[in-house]
Amino acid sequence: MELDAIKNSWKQENLQIAANVQLNKSALMEKINKETSWMKKKNLLVLLFRIPFPVIILILLFTNIQIRNIFNFYVGLGLFLGFASFTLWGLIGYYLKLRILDLTESYLENKKKISELELFKLKMTKRNYCSSPVGIAGIFLMINMPLFTTTEGAIMLLLIMTIMAISIFVNLRYILPAQFKRLNKEMEEIRKLEEEG
Amino acid sequence: MLYSFQDKKTAYCDFFICRVTNPIQTKRKKNMIKRETDFLSALESNISILIKIARVYAYTTQDRKDLVNDIILELWKSYPKFKGDSKISTWIYRVSLNVALNTKRKRDNSKVLFFDELKVLDGSDILDIPNANSSEIGLLYQCIELLSEQNKAIILLYLDDKSYEEISQILGISRTNVSTRLNRIKEQLRKQMNPQK
(Lines give C-alpha, C1' and ligand atoms only; values in the text may rest on other atoms or scores of the structure.)
Protein backbone atom coordinates (compact mmCIF):
# COMPACT_ATOMS: atom_id res chain seq x y z
CA MET A 1 0.00 0.00 0.00
CA GLU A 2 1.63 3.26 -1.09
CA LEU A 3 1.37 6.39 1.00
CA ASP A 4 0.63 8.58 -2.00
CA ALA A 5 -2.33 6.35 -2.85
CA ILE A 6 -3.69 6.68 0.67
CA LYS A 7 -3.44 10.45 0.39
CA ASN A 8 -6.59 10.46 -1.72
CA SER A 9 -8.56 8.48 0.86
CA TRP A 10 -7.22 10.87 3.50
CA LYS A 11 -8.48 13.90 1.57
CA GLN A 12 -11.79 12.12 1.04
CA GLU A 13 -12.06 11.60 4.79
CA ASN A 14 -11.42 15.31 5.38
CA LEU A 15 -14.35 16.17 3.14
CA GLN A 16 -16.48 13.57 4.87
CA ILE A 17 -15.70 15.01 8.32
CA ALA A 18 -16.40 18.54 7.14
CA ALA A 19 -19.73 17.46 5.68
CA ASN A 20 -20.66 15.40 8.72
CA VAL A 21 -19.89 17.95 11.44
CA GLN A 22 -22.02 21.01 12.03
CA LEU A 23 -21.26 23.71 14.55
CA ASN A 24 -23.95 25.05 16.83
CA LYS A 25 -22.43 28.48 16.21
CA SER A 26 -24.35 30.71 18.62
CA ALA A 27 -24.06 28.30 21.55
CA LEU A 28 -20.38 27.69 20.84
CA MET A 29 -19.58 31.40 20.69
CA GLU A 30 -21.51 31.99 23.89
CA LYS A 31 -19.53 29.27 25.66
CA ILE A 32 -16.22 30.59 24.32
CA ASN A 33 -16.98 34.15 25.46
CA LYS A 34 -18.10 32.91 28.88
CA GLU A 35 -14.94 30.83 29.28
CA THR A 36 -12.55 33.59 28.18
CA SER A 37 -14.11 36.14 30.53
CA TRP A 38 -13.98 33.61 33.40
CA MET A 39 -10.32 32.88 32.63
CA LYS A 40 -9.46 36.59 32.65
CA LYS A 41 -11.06 36.97 36.09
CA LYS A 42 -9.35 33.84 37.38
CA ASN A 43 -5.91 34.95 36.19
CA LEU A 44 -6.38 38.36 37.76
CA LEU A 45 -7.39 36.79 41.07
CA VAL A 46 -4.37 34.48 41.05
CA LEU A 47 -2.08 37.41 40.31
CA LEU A 48 -3.70 39.55 43.01
CA PHE A 49 -3.23 36.75 45.49
CA ARG A 50 0.36 35.90 44.58
CA ILE A 51 1.87 39.35 44.27
CA PRO A 52 0.70 40.98 47.52
CA PHE A 53 1.34 37.87 49.65
CA PRO A 54 4.36 39.41 51.47
CA VAL A 55 2.28 42.55 52.03
CA ILE A 56 -0.39 40.43 53.78
CA ILE A 57 2.28 38.92 56.05
CA LEU A 58 3.55 42.41 56.89
CA ILE A 59 0.01 43.66 57.67
CA LEU A 60 -0.60 40.67 59.93
CA LEU A 61 2.69 41.32 61.67
CA PHE A 62 2.07 45.04 62.11
CA THR A 63 -1.42 44.57 63.52
CA ASN A 64 -0.32 42.05 66.14
CA ILE A 65 3.15 43.25 66.95
CA GLN A 66 4.46 44.99 70.05
CA ILE A 67 7.86 46.41 69.23
CA ARG A 68 10.22 45.55 72.07
CA ASN A 69 13.57 45.86 70.37
CA ILE A 70 13.65 48.65 67.80
CA PHE A 71 17.06 47.68 66.35
CA ASN A 72 16.07 44.03 65.81
CA PHE A 73 12.76 45.16 64.33
CA TYR A 74 14.34 47.33 61.63
CA VAL A 75 17.02 44.79 60.79
CA GLY A 76 14.26 42.14 60.53
CA LEU A 77 12.11 44.42 58.42
CA GLY A 78 15.05 45.08 56.10
CA LEU A 79 15.79 41.37 55.73
CA PHE A 80 12.14 40.47 55.13
CA LEU A 81 11.58 43.25 52.61
CA GLY A 82 14.80 42.32 50.83
CA PHE A 83 13.64 38.72 50.55
CA ALA A 84 10.10 39.74 49.51
CA SER A 85 11.39 42.12 46.80
CA PHE A 86 13.73 39.44 45.53
CA THR A 87 10.94 36.87 45.16
CA LEU A 88 8.51 39.41 43.72
CA TRP A 89 11.07 40.55 41.16
CA GLY A 90 11.41 36.96 39.95
CA LEU A 91 7.65 36.48 39.84
CA ILE A 92 7.04 39.67 37.87
CA GLY A 93 9.88 38.73 35.50
CA TYR A 94 8.26 35.34 34.98
CA TYR A 95 4.85 36.81 34.15
CA LEU A 96 6.42 39.34 31.78
CA LYS A 97 8.25 36.56 29.96
CA LEU A 98 5.06 34.51 29.88
CA ARG A 99 3.34 37.28 27.93
CA ILE A 100 5.84 36.91 25.08
CA LEU A 101 4.56 33.39 24.31
CA ASP A 102 2.63 33.34 21.08
CA LEU A 103 0.93 30.18 19.87
CA THR A 104 0.75 31.51 16.32
CA GLU A 105 4.53 31.20 15.99
CA SER A 106 6.18 28.02 14.76
CA TYR A 107 6.21 24.90 16.92
CA LEU A 108 9.99 24.90 17.40
CA GLU A 109 10.13 28.59 18.32
CA ASN A 110 7.45 28.02 20.95
CA LYS A 111 9.07 24.90 22.28
CA LYS A 112 12.31 26.83 22.72
CA LYS A 113 10.58 29.70 24.51
CA ILE A 114 8.66 27.34 26.80
CA SER A 115 11.83 25.45 27.72
CA GLU A 116 13.62 28.73 28.46
CA LEU A 117 10.68 29.83 30.57
CA GLU A 118 10.67 26.59 32.52
CA LEU A 119 14.41 26.96 33.06
CA PHE A 120 13.90 30.51 34.32
CA LYS A 121 11.16 29.33 36.71
CA LEU A 122 13.38 26.55 38.01
CA LYS A 123 16.28 28.95 38.61
CA MET A 124 13.84 31.27 40.37
CA THR A 125 12.65 28.43 42.64
CA LYS A 126 16.24 27.52 43.44
CA ARG A 127 17.11 31.13 44.29
CA ASN A 128 13.98 31.45 46.45
CA TYR A 129 14.85 28.27 48.34
CA CYS A 130 18.35 29.47 49.01
CA SER A 131 17.21 32.90 50.19
CA SER A 132 14.20 31.74 52.26
CA PRO A 133 16.22 31.53 55.54
CA VAL A 134 16.80 35.29 55.18
CA GLY A 135 13.05 35.95 55.08
CA ILE A 136 12.35 33.65 58.04
CA ALA A 137 15.18 35.27 60.05
CA GLY A 138 13.65 38.67 59.21
CA ILE A 139 10.25 37.61 60.62
CA PHE A 140 11.87 36.21 63.79
CA LEU A 141 13.80 39.43 64.32
CA MET A 142 10.74 41.62 63.74
CA ILE A 143 8.61 39.80 66.27
CA ASN A 144 11.66 39.57 68.55
CA MET A 145 11.10 35.91 69.33
CA PRO A 146 12.86 34.60 72.41
CA LEU A 147 14.56 31.87 70.42
CA PHE A 148 17.75 31.53 72.40
CA THR A 149 16.60 32.65 75.81
CA THR A 150 13.90 30.03 76.51
CA THR A 151 13.77 26.26 75.98
CA GLU A 152 10.44 26.46 74.13
CA GLY A 153 11.86 29.05 71.77
CA ALA A 154 14.95 26.95 71.10
CA ILE A 155 12.85 23.84 70.39
CA MET A 156 10.64 25.80 68.02
CA LEU A 157 13.66 27.21 66.19
CA LEU A 158 15.19 23.76 65.97
CA LEU A 159 11.99 22.28 64.51
CA ILE A 160 11.54 25.08 61.96
CA MET A 161 15.18 24.91 60.92
CA THR A 162 15.12 21.09 60.62
CA ILE A 163 12.03 21.10 58.41
CA MET A 164 13.44 23.89 56.27
CA ALA A 165 16.83 22.20 55.97
CA ILE A 166 15.23 18.88 54.91
CA SER A 167 12.98 20.61 52.37
CA ILE A 168 15.85 22.65 50.90
CA PHE A 169 18.16 19.61 50.84
CA VAL A 170 15.63 17.35 49.08
CA ASN A 171 14.77 20.02 46.55
CA LEU A 172 18.31 21.15 45.77
CA ARG A 173 19.82 17.67 45.83
CA TYR A 174 17.18 15.57 44.04
CA ILE A 175 14.10 17.33 42.61
CA LEU A 176 15.57 20.43 40.97
CA PRO A 177 18.68 18.74 39.41
CA ALA A 178 16.43 16.12 37.76
CA GLN A 179 14.26 18.86 36.26
CA PHE A 180 17.35 20.84 35.18
CA LYS A 181 18.70 17.73 33.48
CA ARG A 182 15.45 17.13 31.59
CA LEU A 183 15.22 20.74 30.48
CA ASN A 184 18.85 20.93 29.39
CA LYS A 185 18.30 17.77 27.34
CA GLU A 186 15.26 19.35 25.72
CA MET A 187 17.21 22.53 24.93
CA GLU A 188 19.98 20.43 23.41
CA GLU A 189 17.43 18.66 21.15
CA ILE A 190 16.01 22.00 20.04
CA ARG A 191 19.50 23.30 19.24
CA LYS A 192 20.21 20.17 17.19
CA LEU A 193 16.93 20.57 15.30
CA GLU A 194 17.76 24.20 14.54
CA GLU A 195 21.23 23.30 13.30
CA GLU A 196 19.99 20.39 11.14
CA GLY A 197 19.45 21.07 7.48
CA MET B 1 -34.42 71.04 41.87
CA LEU B 2 -36.67 68.02 42.10
CA TYR B 3 -36.79 65.39 39.40
CA SER B 4 -39.99 63.53 38.86
CA PHE B 5 -40.12 59.83 38.02
CA GLN B 6 -41.02 60.79 34.46
CA ASP B 7 -37.87 62.96 34.16
CA LYS B 8 -35.71 60.11 35.34
CA LYS B 9 -37.35 57.76 32.87
CA THR B 10 -36.69 60.21 30.02
CA ALA B 11 -33.09 60.61 31.12
CA TYR B 12 -32.60 56.85 31.15
CA CYS B 13 -34.17 56.61 27.70
CA ASP B 14 -31.85 59.35 26.36
CA PHE B 15 -28.86 57.62 27.89
CA PHE B 16 -29.94 54.29 26.42
CA ILE B 17 -30.57 55.77 22.96
CA CYS B 18 -27.21 57.51 23.12
CA ARG B 19 -25.52 54.19 24.02
CA VAL B 20 -27.34 52.32 21.28
CA THR B 21 -26.67 54.87 18.59
CA ASN B 22 -23.12 55.72 19.67
CA PRO B 23 -21.28 55.26 16.34
CA ILE B 24 -18.03 54.05 17.92
CA GLN B 25 -19.87 51.48 20.02
CA THR B 26 -21.91 50.34 17.02
CA LYS B 27 -18.81 49.99 14.88
CA ARG B 28 -17.03 48.03 17.59
CA LYS B 29 -20.00 45.74 17.99
CA LYS B 30 -20.24 45.23 14.22
CA ASN B 31 -16.52 44.39 14.08
CA MET B 32 -16.95 41.94 16.93
CA ILE B 33 -19.86 40.22 15.21
CA LYS B 34 -17.88 40.05 11.96
CA ARG B 35 -14.90 38.62 13.81
CA GLU B 36 -17.06 35.98 15.45
CA THR B 37 -18.74 35.03 12.17
CA ASP B 38 -15.42 34.82 10.30
CA PHE B 39 -13.88 32.75 13.07
CA LEU B 40 -16.78 30.31 13.24
CA SER B 41 -16.93 29.77 9.49
CA ALA B 42 -13.14 29.26 9.36
CA LEU B 43 -13.43 26.80 12.21
CA GLU B 44 -16.29 24.91 10.59
CA SER B 45 -14.54 24.54 7.26
CA ASN B 46 -11.31 23.36 8.92
CA ILE B 47 -12.81 21.20 11.66
CA SER B 48 -11.19 18.09 10.17
CA ILE B 49 -7.77 19.48 11.17
CA LEU B 50 -8.79 19.60 14.83
CA ILE B 51 -10.40 16.16 14.71
CA LYS B 52 -7.32 14.59 13.11
CA ILE B 53 -4.88 16.25 15.50
CA ALA B 54 -7.00 15.07 18.44
CA ARG B 55 -7.07 11.51 17.05
CA VAL B 56 -3.30 11.47 16.61
CA TYR B 57 -2.13 13.24 19.78
CA ALA B 58 -4.63 12.01 22.39
CA TYR B 59 -5.48 8.44 23.22
CA THR B 60 -8.85 8.40 24.97
CA THR B 61 -12.14 9.98 23.91
CA GLN B 62 -12.12 12.29 26.93
CA ASP B 63 -8.53 13.43 26.22
CA ARG B 64 -9.46 14.05 22.60
CA LYS B 65 -12.46 16.14 23.63
CA ASP B 66 -10.25 18.11 26.03
CA LEU B 67 -7.70 18.69 23.29
CA VAL B 68 -10.34 19.91 20.80
CA ASN B 69 -11.64 22.18 23.55
CA ASP B 70 -8.23 23.68 24.26
CA ILE B 71 -7.50 24.14 20.58
CA ILE B 72 -10.79 25.98 19.96
CA LEU B 73 -10.13 28.28 22.91
CA GLU B 74 -6.56 29.07 21.83
CA LEU B 75 -7.67 29.60 18.23
CA TRP B 76 -10.22 32.16 19.39
CA LYS B 77 -7.70 33.90 21.65
CA SER B 78 -5.12 34.03 18.85
CA TYR B 79 -7.57 34.94 16.09
CA PRO B 80 -6.91 38.72 16.28
CA LYS B 81 -3.28 37.95 15.39
CA PHE B 82 -4.27 36.29 12.12
CA LYS B 83 -3.45 38.86 9.46
CA GLY B 84 -4.18 36.72 6.45
CA ASP B 85 -0.54 36.43 5.35
CA SER B 86 -0.88 32.66 5.21
CA LYS B 87 -3.73 30.28 4.44
CA ILE B 88 -6.23 29.99 7.31
CA SER B 89 -5.67 26.21 7.37
CA THR B 90 -1.90 26.75 7.81
CA TRP B 91 -2.55 29.13 10.68
CA ILE B 92 -5.02 26.71 12.30
CA TYR B 93 -2.45 23.92 11.99
CA ARG B 94 0.23 26.08 13.62
CA VAL B 95 -1.90 26.97 16.64
CA SER B 96 -3.38 23.48 16.97
CA LEU B 97 0.00 21.75 16.85
CA ASN B 98 1.38 24.19 19.39
CA VAL B 99 -1.51 23.40 21.73
CA ALA B 100 -1.19 19.65 21.18
CA LEU B 101 2.58 19.51 21.55
CA ASN B 102 3.67 22.44 23.66
CA THR B 103 1.04 22.85 26.33
CA LYS B 104 0.25 20.75 29.34
CA ARG B 105 -3.37 19.96 29.92
CA LYS B 106 -5.00 19.41 33.26
CA ARG B 107 -8.05 17.18 33.49
CA ASP B 108 -10.88 19.34 34.73
CA ASN B 109 -14.29 17.70 34.76
CA SER B 110 -16.07 20.95 35.52
CA LYS B 111 -14.71 22.52 32.33
CA VAL B 112 -17.20 23.89 29.78
CA LEU B 113 -17.04 21.58 26.79
CA PHE B 114 -17.08 23.36 23.44
CA PHE B 115 -17.02 19.95 21.85
CA ASP B 116 -20.67 19.47 22.85
CA GLU B 117 -21.56 22.12 20.28
CA LEU B 118 -20.15 20.05 17.43
CA LYS B 119 -23.10 18.16 16.00
CA VAL B 120 -22.20 14.97 14.15
CA LEU B 121 -24.90 14.40 11.57
CA ASP B 122 -24.62 10.63 11.24
CA GLY B 123 -24.45 10.18 15.02
CA SER B 124 -21.08 8.37 15.00
CA ASP B 125 -18.25 9.20 17.39
CA ILE B 126 -16.19 11.49 15.20
CA LEU B 127 -13.15 11.30 17.48
CA ASP B 128 -12.81 7.53 17.16
CA ILE B 129 -10.12 6.22 14.84
CA PRO B 130 -11.52 4.00 12.03
CA ASN B 131 -10.92 0.29 12.48
CA ALA B 132 -7.48 -0.79 11.23
CA ASN B 133 -8.78 -4.13 9.88
CA SER B 134 -11.53 -2.65 7.77
CA SER B 135 -9.97 0.51 6.33
CA GLU B 136 -6.58 1.63 5.11
CA ILE B 137 -7.05 4.96 6.92
CA GLY B 138 -7.44 3.06 10.20
CA LEU B 139 -4.24 1.16 9.47
CA LEU B 140 -2.48 4.43 8.66
CA TYR B 141 -3.56 5.94 11.98
CA GLN B 142 -2.24 2.86 13.76
CA CYS B 143 1.15 3.27 12.08
CA ILE B 144 1.25 7.05 12.69
CA GLU B 145 0.76 6.35 16.39
CA LEU B 146 4.20 4.72 16.46
CA LEU B 147 5.98 7.83 15.13
CA SER B 148 7.63 10.53 17.27
CA GLU B 149 5.58 13.61 18.16
CA GLN B 150 7.27 15.82 15.53
CA ASN B 151 7.13 13.18 12.83
CA LYS B 152 3.40 12.78 13.47
CA ALA B 153 3.01 16.49 12.72
CA ILE B 154 5.07 16.24 9.52
CA ILE B 155 3.05 13.32 8.15
CA LEU B 156 -0.27 14.97 9.07
CA LEU B 157 0.75 18.08 7.16
CA TYR B 158 2.04 16.04 4.22
CA LEU B 159 -1.21 14.06 4.01
CA ASP B 160 -3.16 17.31 4.03
CA ASP B 161 -1.21 18.42 0.96
CA LYS B 162 0.88 21.11 2.62
CA SER B 163 3.99 22.11 0.68
CA TYR B 164 7.50 21.66 2.14
CA GLU B 165 7.63 25.42 2.57
CA GLU B 166 4.39 25.45 4.60
CA ILE B 167 5.48 22.47 6.73
CA SER B 168 8.78 24.22 7.40
CA GLN B 169 6.94 27.42 8.42
CA ILE B 170 4.50 25.62 10.70
CA LEU B 171 7.14 23.56 12.46
CA GLY B 172 10.05 26.02 12.34
CA ILE B 173 12.50 23.56 10.81
CA SER B 174 14.35 23.95 7.50
CA ARG B 175 12.95 22.71 4.18
CA THR B 176 15.84 20.27 3.79
CA ASN B 177 15.09 18.88 7.21
CA VAL B 178 11.42 18.46 6.26
CA SER B 179 12.34 16.64 3.09
CA THR B 180 14.84 14.31 4.81
CA ARG B 181 12.47 13.51 7.63
CA LEU B 182 9.55 12.96 5.29
CA ASN B 183 11.51 10.42 3.24
CA ARG B 184 12.40 8.54 6.41
CA ILE B 185 8.81 8.63 7.66
CA LYS B 186 7.44 7.41 4.32
CA GLU B 187 9.89 4.53 4.37
CA GLN B 188 8.99 3.66 7.95
CA LEU B 189 5.26 3.76 7.22
CA ARG B 190 5.68 1.70 4.06
CA LYS B 191 7.44 -1.01 6.05
CA GLN B 192 4.83 -0.97 8.77
CA MET B 193 1.89 -1.05 6.40
CA ASN B 194 3.33 -3.75 4.17
CA PRO B 195 5.26 -6.01 6.54
CA GLN B 196 5.44 -8.91 4.02
CA LYS B 197 7.49 -6.92 1.47
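Student: At what angle do helix α1 of chain A and helix α6 of chain B pack?

Tutor: In this predicted model, helix α1 (residues 3–20) of chain A and helix α6 (residues 136–144) of chain B pack at an angle of about 100°. Their axes are 10 Å apart. Angles of 65 to 115 degrees count as roughly perpendicular, so α1(A) is roughly perpendicular to α6(B).

Student: Which residues make that contact?

Tutor: From α1(A), look for A:I6, A:S9, A:W10 and A:E13. From α6(B), look for B:E136, B:I137 and B:L140. By class, this contact has four nonpolar, one polar and two charged residues.

Student: Now the whole contact between the chains. How many residues come from chain A and from chain B?

Tutor: Start with a general idea. The size of an interface is often given as the accessible area lost when the parts come together. Here we count residues instead. Chain B gives 50 residues and chain A gives 36 residues.

Student: Which element of chain B has the largest share of its side?

Tutor: Helix α5 (residues 88–102) of chain B, with eight residues. Sorted by class, the side of chain B that touches chain A holds 27 nonpolar, 11 polar and 12 charged residues.

Student: Which strands do three bridges join across the two chains?

Tutor: Strand β1 (residues 21–23) of chain A and strand β1 (residues 118–120) of chain B. The two run antiparallel. To find the pairing on screen, pick A:Q22; opposite stands B:K119 in β1(B).

Student: What does chain B consist of, in helices and strands?

Tutor: Chain B has nine helices and one strand. Read from the N terminus, the order is α-α-α-α-α-β-α-α-α-α. Of the 197 residues in chain B, 30% are buried.

Student: How much of the contact in chain B links residues 24 or more positions apart?

Tutor: Take the contacts in chain B with a separation of 6 or more. Residues 24 or more positions apart account for 64% of them.

Student: Which residues have the most contacts inside the largest nonpolar core?

Tutor: B:L50, B:I53, B:A54, B:I72, B:I154 and B:L157. That core has 46 residues. Helix α3 (residues 47–57) of chain B supplies the largest share, eight residues. Apart from this core lies another, of five residues, among them A:L79, A:F80, A:L141 and A:M142.

Student: Is B:L182 buried or partly exposed?

Tutor: A buried residue needs 20 or more other C-beta atoms within 10 Å. B:L182 has 18, so B:L182 is partly exposed. For a sense of distance, B:L182 and B:I144 are 38 residues apart in sequence and 13 Å apart in space, C-alpha to C-alpha.

Student: One last feature. What is the phi of B:D161?

Tutor: Here is the general idea. Most residues other than glycine have a negative phi. B:D161 is not a glycine, yet has a positive phi of about 65°. Look for B:D161 in the loop between α7 (149–159) and α8 (164–171) of chain B.

Notes:
Residues are numbered from 1 along each chain as its sequence is written. Chains are lettered from A and ligands numbered from 1 in the order in which they are written. This is a predicted model: local features need pLDDT of at least 70, side-chain atom pairs count only at pLDDT 80 or more; totals for chains, interfaces and linings use all residues. Two residues are in contact if their C-beta atoms, placed from the backbone, lie within 7 Å. Helices (H or I, at least four residues) and strands (E, at least two) are DSSP runs, numbered from the N terminus. Ala, Val, Leu, Ile, Met, Phe, Trp, Tyr, Cys and Pro count as nonpolar, Asp, Glu, Lys and Arg as charged, and the others, Gly among them, as polar. Two strands pair if DSSP finds at least two bridges between them. A residue is buried if 20 or more other C-beta atoms lie within 10 Å of its own, exposed if 12 or fewer, and partly exposed in between; C-beta atoms are placed from the backbone. A nonpolar core is a set of buried Ala, Val, Leu, Ile, Met, Phe, Trp, Tyr and Cys residues joined through C-beta atoms within 7 Å. Axes are lines fitted to C-alpha atoms, for helices over the stretch in contact, and angles run from 0 to 180 degrees between N-to-C directions. Angles under 35 degrees count as roughly parallel, over 145 as roughly antiparallel, 65 to 115 as roughly perpendicular and the rest as oblique.
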